[in-house]
Amino acid sequence: MKISLTWLKHYVDLDGITTEQLVETLPMIGLEVEGVESTALPQFEKLVVGEVLSREQHPNADRLGVCMVDVGAEEPQQIVCGASNYKVGDRIPVALPGCKLPGDFKIKKSKLRGVPSNGMMCSAKELGMGEDHSGLLILEQRPEIGTPINDVFPGGETVIELELTANRGDCLSHIGVAREVAAAFDRELTLPKVKQHPGEGEGLISGVEVQSEACPLYTAASIKGVKIAPSPDWLREAIEAIGLRPINNVVDVTNYVLHETGQPLHAFDAAKIKGGKIIVRQAQDGEQIKTLDEVERKLTAADTVIADAERALVVAGVMGSIEAEVDDSTVDIVLESAYFRAGAVRGTTRRLNLFTDSSHRFSRDVDPAGVDFAARRCIDLILQVAGGTVVGKTITMGEAPRADRTIEITPDYVRRVCGFKVEDEAIAAAFTRLGFKVDSNAYQWRVLVPSFRPEVDRPIDLVEEFIRLHGSAQIPSASVKAVGLSREDDPLAVFNRKAVEKLAGAAFAECSHYTLVDGKELATWFGQDRADVLQLDNPLTSEMSHLRPSLIPGLLDALRLNFNKGNAPARLCETGRVFRSVDGKVSELASVGFVMVVDDGQRRWREREQPDFYTAKQIVGELAALAGVKPEKLEYALLEGEPLWQPDHAAHASCWKKTGYKAFAGMVNVSALKVWDIDSMVIAGELILDPSLLAKERKPVRLEKFSNFPPSTKDLALIVDADTPAESVRSQIAKAAAEATGEGFSADGVSVFDQYAGEGLPEGKKSLGFAIRFRAADRTLKDKEVNQAFDQIQAAIKEAGYEVRG
């Protein structure tokens, strides 16, 4: 956001305030300064005011003239010039031999098409004073001949570039910044006076029809008989100072008012509106529009357009089209001033990858009360610079979605939160300087906050506003007593560090994302019920309106971003906080998640085994071990009813009430990957932990020596239901084996080695083969004792309802 100090002075008196003071103060009130630019002329040597005494046609070039120019020397100088916008008697800047112009362009005596030239008559662009190079810079004030050009233009423009936070859309204008400056320096804010334009007769359109919920307020005014021409100097210089290109007087006025008030506007050529009616509607899927940047864009039903009876004319809140633009043939115009919802404009902007001054302001939730003021201001200026007459009444559809609101607060509350004494008068004065109205007649104050400050809606917000204006430097110093804590000792920090180290060792790249996410996306992948629970009461933006319940969507965002940038990250991971409902309350939980791309398309000299469910399961188990959870305790079951995960290809394990963990592993839903525009399959895993689990004291690990005696292995084949997980059967066999063996030997391990379904088995059944290994630490086991234990295991398994396959 660029702010011209010359422009800013129209609204607040800056006398006695240096640029350095302003740059130092703005960050202290929350407006970060990115940089300061000065357009003052560099110090030129041998660049003076000259007067054209005569002009003759160049003998060898039709477009060149040979001039005699008085530059204050003893004799006039002969200069060859290609411009045509001057006449004899005009005074212009003249660069004499030895002068160095911007771009390290040195002037010297030369011959142009055979005719000597002793200097150069200059345009504004050649002096670095603007972009106009169509002709010479005519010095209308007629300074004295021979005067150095630096004396003619002693000042220059200073432009401050600001970086604003998402909640300060009110400062995306010169008036908004002027309001903050006036408050900081306790000066009066002066707003431009605007007129009422009732209009007579019929308007240029028959009406406006609003069919979209994205536009709660729309106004249209008709101006007849305008004359399109280049903008006057004051208007052109103002918009050039902040980096805009002048187009014509009407378009330049809309841009001027946008940067003055923060309210975007749009001017239509009335003759190009088919059917004489404006319609605000959603676009059709696949509908196309050629925007003013001459790019053909395909829209979706999520985009809002301003249309006539036949086609879309404007991508609402973003950019107009060439179909109804104001050009040299325009005589009558329809002026739009409207409010479009921030979320709708932001979504369209991202889909189209089209970011404009208008979309930037609508995305930051402009003040709906400014719609009428900006329209009247724009009409005033159009009538001033382009003429014309307002016809018909301004058409207004809808109403402002928000208005001024009252917050109740006591001065004692302000003092208690701030922690220092301050007089009631000082608190009230700070609110008043910010444009708030204070009713302090009772103990409970009523503060009226204008609609241009939507983020101020709680008593604590008013305290923040007071401190911001009072100044943190004015807070009395005091000693602070606190218990020193080292992050290195925190169990969660230790776990996160170890988890990242393990994943990094397995070729994962670490990511970090915001804990706030878009509510619509959350509801899509986790259900509306979870989204309702995790919704913030006062979100900064609609895209950061909910707490995240999982790390996986953020990692998929990172995958898509890197694929689009031409990178090929096969593995990504993240540690961070997630939020879920536990016992009816939203709890902050620790989480570590990862994603792995299956066949990322990269060519390698040696093919590696592709990751699958078991890869993810193993990694989750290793992460669980770092948290003190034994991997064998993770009893997985098929994951159902989770749109983010592929049905029948993902599983979860949970022991929340007893231990405090949830584990997920498997394939990301193919449908979800299409939404993320990821072509490859993705395997993912996530371990979610109650942070208190990490703080529990762990039992010391006891190591046992290996047995020097060979094991004895028995195979057991069982017929089970086809949907029975092998792990649930294996864990029951392991439990039965532990009970069947005595102190003299043990079941050294139970593993699955075979699965079969098909001929020879009943429908809906499958066969699972398990290997049970027995071992003793002090001897070789005898068949009798092994068989006895094996028989007990089979009996226990049959009792559990499984059929032993012969």
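Zoom in on Cys-81. Its closest cysteine sulfur sits in Cys-67, 5.7 Å away, so that is too far for a bond. Cys-81 is also buried, at 6% relative accessible area; buried means under 20%, exposed over 50%, and partly exposed in between, with a 1.4 Å probe and protein chains only. Hop over to Cys-418 and you'll find another buried residue, at 16%.

A quick word on ground rules. This is a predicted model, so local features need pLDDT of at least 70 and side-chain atom pairs count only at pLDDT 80 or more, while totals for chains, interfaces and linings use all residues. Residues are numbered from 1 along each chain as its sequence is written, and side-chain values use heavy atoms, with hydrogens and water left out.

Next, select Leu-8, Leu-26, Tyr-256 and Ile-382. These have the most contacts inside the largest nonpolar core, which has 51 residues. (A nonpolar core is a set of buried Ala, Val, Leu, Ile, Met, Phe, Trp, Tyr and Cys residues joined through side-chain atoms within 4.5 Å.) Color residues 370-386 too: that's helix 9, which gives the most to this core, with seven residues. Helices here are DSSP runs of H or I, at least four residues, and strands are E runs of at least two, numbered from the N terminus.

Stay on Tyr-256 and show its neighbors. Which residues does Tyr-256 touch, not counting those up to four places away in sequence? Among them are Trp-7, His-10, Tyr-11, Trp-234, Arg-377 and Leu-381, where contact means heavy atoms within 4.5 Å. Apart from this core lies another, of 35 residues; pick out Ile-289, Ile-306, Ala-312 and Val-315 to find it.

Now try His-266, in strand 15 (residues 265-269). Is His-266 buried or exposed? It's buried, at 15% relative accessible area. Leaving out residues up to four places away in sequence, His-266 touches Val-314, Gly-320, Val-334, Leu-335 and Glu-336.

Finally, zoom out to the whole chain, with its 21 helices and 39 strands. The radius of gyration is 38 Å, well over the 28 Å that the globule rule gives for 806 residues, so the chain is more spread out than a compact globule. That radius is taken over C-alpha atoms, and the rule is 2.2 Å times the number of residues to the power 0.38. Along the principal axes, the C-alpha atoms fill a box of roughly 125 × 80 × 60 Å.

Key. Disulfide = S-S within 2.5 Å.
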